[in-house]
Amino acid sequence: MDSNVRNAYLEALGIDRWVPRDAPPESAVVLPESARTNAPRARAPVADTPAPKLPVAPVVRAPVVAAGDWGALREQVAACTACELCKTRTQTVFGVGNTRADWLVIGEAPGAEEDRQGEPFVGRAGQLLNAMLLAIGLPRETVFIANILKCRPPGNRDPKPEEVSRCLPYLSAQIALLKPKIMLAVGRIAAQNLLATDAPLARLRGKLHHFGEANTPLVITYHPAYLLRTPSDKRKAWEDLKFARATYARAAGTN
Ligand code: URA
């Protein structure tokens, strides 16, 4: 990428050009394969111990996703009524981008503008996301962008666990079709749900994770909406992006 173009986007990110060294974070660790739902794990019973009264988890009927191609999957998502969000959405937000992309960017859920336009990350946060991607040489149309939820939670509240459980099969199907070489999760909600953890984002970023059976490299960074509110963390986001770029180069064998 032309260095003037990169500098312009670094400027849009609010990042000075004298960034010190291009070293990836030191403590890269590989986590065990992440579970795909955040359902509580079953415990082995202990002899002679009275069974504790556990809260009963809600029965979650996740949609059966059999879609073998993008068109069928898109249609299935558009017709989804698996959770209450179908009653308040304007339309589903399937995802956008290159269905042959190496990069899958995963956000949280559509906001008001995304609900109106039917495309993820089209508001102010989306503009910053575009700048973040371009800063590492990725025009928006070269990646695929999707969310954990395909429908907007009213008032932009956090997704509820049962909404995530019902919607995740669609993201899993997207991942199976795309077979990305790297995944970039933006924000706490995407990171925690992909990794089935409630660890804070600060503990999840700066290290390499892997996702699913394909062991796809997964890098975590801040949500662009958070960065709009907290520009002082843009420098850390830039470190994450460089780390993701270096991880991709290794995964794709281009370094
Ligand atoms: N925030 C997200 O996480 N996703 C969108 O699509 C828009 C805003």
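This is a predicted model: local features need pLDDT of at least 70, side-chain atom pairs count only at pLDDT 80 or more; totals for chains, interfaces and linings use all residues.
1. Around the ligand stand Gly107, Glu108, Ala109, Glu114, Pro120, Phe121, Asn147 and His223.

2. On the backbone side, an N or O atom of Ala109 lies 3.1 Å from a nitrogen atom of the ligand, while a polar backbone atom of Phe121 is 3.0 Å from a ligand oxygen atom. His223 contributes through its side chain, a polar atom of which is placed 2.8 Å from an oxygen atom of the ligand. As for the surface of the ligand, 240 Å² would be exposed if the ligand were taken alone, and the protein buries 91% of that area.

3. Turning to the cysteines, how many disulfides does a search of the whole structure find? The search returns zero. Cys83 takes part in no disulfide, and the nearest cysteine sulfur, which belongs to Cys151, is 6.1 Å away. Seen from Cys151, the closest cysteine sulfur is that of Cys83, and because the two sulfur atoms are 6.1 Å apart, they are too far from each other for a bond; the cut-off applied here for a disulfide is a pair of cysteine sulfur atoms within 2.5 Å.

4. Are these two cysteines buried or exposed? Cys83 has a relative accessible area of 19% and is therefore buried, given that the term covers values under 20%. Cys151, with a relative accessibility of 9%, likewise counts as buried.

Terms used:
Residues are numbered from 1 along each chain as its sequence is written. Side-chain values use heavy atoms; hydrogens and water are left out. A residue is near a molecule or strand if one of its heavy atoms lies within 4 Å of it. A polar contact is a pair of N or O atoms within 3.5 Å; within protein, one must be able to donate a hydrogen and the other to accept it, and residues adjacent in sequence count only if both atoms are side-chain atoms. Accessible areas come from the Shrake-Rupley method with a 1.4 Å probe; for residues, only the protein chains shown count as cover. Buried means under 20% relative accessible area, exposed over 50%, partly exposed in between (1.4 Å probe, protein chains only).
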